[in-house]
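Please look over the model below before reading the points.

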Amino acid sequence: MRVSFAAKDVDDLFAEWGQKIGSCVQLDSTDTVLELSPRVGKGYWRQIRLRPGLEISIEYLEFSEPFTVEVSNQFYQEVIEFKSSLSGYVRGDFSTLKDGYHLTPRQSRVSFAARCGQWVECQPHQPIIHVEVITGISTLKALVADQTDQISGDLQTILQGQRTTPLSSIQTMPQAVFQAAEQILNCPYQGVTRRLYLEGRALELIALQLPLSRSVDSSTQFQSPLKSDEVDRIHYAKEVLLSNLVNPPSLIELAQQVGLNDYKLKRGFRQVFGTTAFGCLYHHRMERARTLLEANYSTVTEVAQAVGYTSATSFSAAFKKKFGMSPRYYKLRP
């Protein structure tokens with residue numbers, strides 16, 4: 001099923017939704033629920049306005065057949081969106097972007113599009129659970145205050161009003177983001193306590209997903225200390241990695257083998273060893289290669305293969321980056 005919306009703003013979108021694929025229920029002045037018609041599927045899209053320039057959107061939808069939504073180029077909403085995907089597979093595109101995006105469970109997405117069309121395609125018979133924080137540009141600018149130099153260049157241009165093209169960035173969702181999104185879904189409070197609680201979680205999600213500049217080490221942000229068993233698992237992961245220099249597992253495979261999620265594994269390596277998992281692998285590959293060269297191991301190609309490189313050229317470049325000279329020169333030196 002394909003549905004097209006000619007809406008120019010959110011209010012128009014609410015009205016069209018009610019006419020085409022469901023009903024619009026206004027719970028109060030700040031809380032709107034768009035329910036899905038049984039002929040299309042089940043679930044709802046809920047918009048909660050916390051204060052001017054700050055909203056939460058909750059999508060809890062399951063379609064009975066493949067479903068595509070198209071929004072016209074006339075839609076205008078100058079906001080930055082921080083979306084957390086807890087369940088479901090969707091793909092979409094902005095009309096002015098060359099490539100589309102695929103959003104899968106345990107991924108988060110930061111996006112911006114002041115005026116451009118877009119479409120979203122949803123797969124049937126699977127619950128789509130998304131929690132999204134929507135912030136106006138002036139609101140986010142006020143939150144960042146005088147620290148705009150710490151955020152990414154793309155986001156800086158948006159806050160300065162210099163960007164007109166869309167932005168779409170997807171990354172693996174940290175556990176802290178997943179927990180904050182779940183807390184929004186399961187908020188136990190009512191009235192003013194609920195609003196303040198949701199606002200706190202919304203600001204937390206912005207902070208956790210805010211794209212930072214490369215000069216800021218975001219790996220140290222919002223980290224809780226590792227537990228003792230997690231430290232043991234990180235050390236075990238290093239042992240597994242270094243025992244497989246030639247054919248190392250992927251990060252996800254390594255995380256599964258030691259019983260951690262990939263986010264915890266990446267963060268743990270930085271905390272325990274001061275480098276990434278594959279930074280550690282690279283270091284030990286090069287040290288092993290140097291040992292083999294010093295022992296007059298026959299050829300550079302054989303050394304490359306012994307430490308997991310299928311290309312002697314790639315190995316030579318990696319070795320030179322580490323030691324400042326090519327492996328061939330290192331082998332021939334006095």
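In what order do the 5 strands of the open sheet lie?

1. The order is E1-E6-E11-E8-E9, with mixed pairing. Strands here are DSSP runs of E with at least two residues, and helices are runs of H or I with at least four, both numbered from the N terminus. Two strands count as paired if DSSP finds at least two bridges between them. This is a predicted model, in which local features need pLDDT of at least 70, side-chain atom pairs count only at pLDDT 80 or more, and totals for chains, interfaces and linings use all residues. Residues are numbered from 1 along each chain as its sequence is written, and side-chain values use heavy atoms, with hydrogens and water left out.

2. Strand E1 (2-5) and strand E9 (101-103) are the edge strands, each pairing on one side only.

3. Inside the order, strand E8 (residues 90-94) pairs with strand E11 (residues 118-122) in the antiparallel sense, over 5 bridges. Gly92 stands opposite Val120 in E11. Strands of a sheet pair through backbone hydrogen bonds, either parallel or antiparallel.

4. Now the whole chain. The protein chain has 12 helices and 13 strands. Its C-alpha atoms fill a box of roughly 80 × 40 × 40 Å along the principal axes.

5. Of the 334 residues in the protein chain, 43% are buried (under 20% relative accessible area, with a 1.4 Å probe and protein chains only).

6. Among contacts (heavy atoms within 4.5 Å) with a separation of 6 or more in the protein chain, 63% come from residues 24 or more positions apart.

How values were computed. Buried means under 20% relative accessible area, exposed over 50%, partly exposed in between (1.4 Å probe, protein chains only).
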